[in-house]
Amino acid sequence: MPRILLLLAFLLLLPQRPQAWGFFGHRLINRLAVFTLPPDMMGFYKTNIEYLTENATRPDSRRSVVPGEAARHFLDVDVYGDSALARLPRSYADAVAKFGEDSLMKHGIVPWQVIRMKGQLTEAFRQRDADRILSLSADMGHYIADACVPLHTTHNYNGQLTGQRGIHGLWESRLPEILAANYDFFTGPAPYIERPSETIWAAVARSNAAVDSVLTFERDLTAKMPEDKKFGFEERGNQTVRVYSREFSREYHQRLTGQVERQMRLAQRLIGAFWYTCWVDAGQPDLDALPKQPSEKEKLRLAREAKELQQAAPQAAIPGHED
């Protein structure tokens, strides 16, 4: 437990980004997922844990500049009507045939994206391609974690339709940043996933089932707490920024009765399970025989990608989930 507390303290000192689980959350989840792996995988993944931690937020960096990237982070379940999760095709090709690709990209493809990456990571293990294993593992962890966020499963993703704008960052960034030091992140060993598609869709369904409580508890608390107590100001680097107050955040967290902690733990366990399943399905290659760290070519690729993303002009925003 002391090691986890030290890790939390370290991550909290890093710059923050208001995206997905937040800079803090995504890095923590990817990092902790490494410790769910079996010994035959642990050595390779633990040796490269800094890569997996650092690059956990890379998909968010691509959202505004890479066409099609934003849709990979969410699924607007509610736009498909009643019983949508039972009726939506599990095959992406079938979904395209039924709804059209433009519509799917508008309303998000996160569960289909996870399954697509499951195939890609399995093949990378078969090819014993260390760089690609690491790159795909980091990215896949991000999308799986996003599927575990309730507000990534609704068109009202930031409370913009109910006068609750800002709730996205409150739930998935603010609460973990100030309260995760008390979370229990023990999940046990990663299990093999017999039905990956059903598993990720079940995670989306679980997240979507929580949307009502996420919105209702915030609305009820807001009605009882004056705005000068709901918000406060904190120093972030050289800036003073307006944030949800610690009093409001703690009471909201209490009303959610551990929901954020449970979803973070689910994400951690699922990421480890998907990594493990890909490795097993690839024939359990000897990871100890692979290079111990990313190649110079991979380091150059990441540096080049970071520079290109910094210089690229933002793409037109996809309607929904652009905040």
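Predicted model: local features only at pLDDT ≥ 70, side-chain atom pairs only at ≥ 80, totals over all residues.

Residues are numbered from 1 along each chain as its sequence is written, and side-chain values use heavy atoms, with hydrogens and water left out.

The structure holds 19 salt bridges (a side-chain nitrogen of Lys or Arg within 4 Å of a carboxyl oxygen of Asp or Glu). Three of them are listed here.

| Salt bridge | N to O distance |
|---|---|
| Arg58 and Glu305 | 4.0 Å |
| Glu227 and Arg242 | 2.9 Å |
| Glu305 and Arg301 | 3.5 Å |

Arg58 lies in helix H5 (residues 58–62) and Glu305 in helix H17 (residues 296–311), 247 residues apart; helices (H or I, at least four residues) and strands (E, at least two) are DSSP runs, numbered from the N terminus. Both Arg58 and Glu305 are buried (under 20% relative accessible area, with exposed over 50% and partly exposed in between; 1.4 Å probe, protein chains only). The value for Glu305 is 17%, whereas Arg301 is partly exposed at 25%. Glu305 and Arg301 are four residues apart in H17, about one helical turn. A network of salt bridges includes Arg58, Arg301 and Glu305, with Asp139 also among its members.

Glu227 in helix H14 (residues 227–230) is 15 residues from Arg242 in strand S2 (residues 239–244). Glu227 is exposed at 53%, and Arg242 is partly exposed at 47%.

At the start of helix H7 (residues 92–99), a side-chain oxygen of Ser91 comes within 3.4 Å of the backbone nitrogen of Ala93. Gly100 follows H7 and has a positive phi, near 90°.

How values were computed
Polar contact = N/O pair within 3.5 Å; in protein donor to acceptor, adjacent residues only side chain to side chain.
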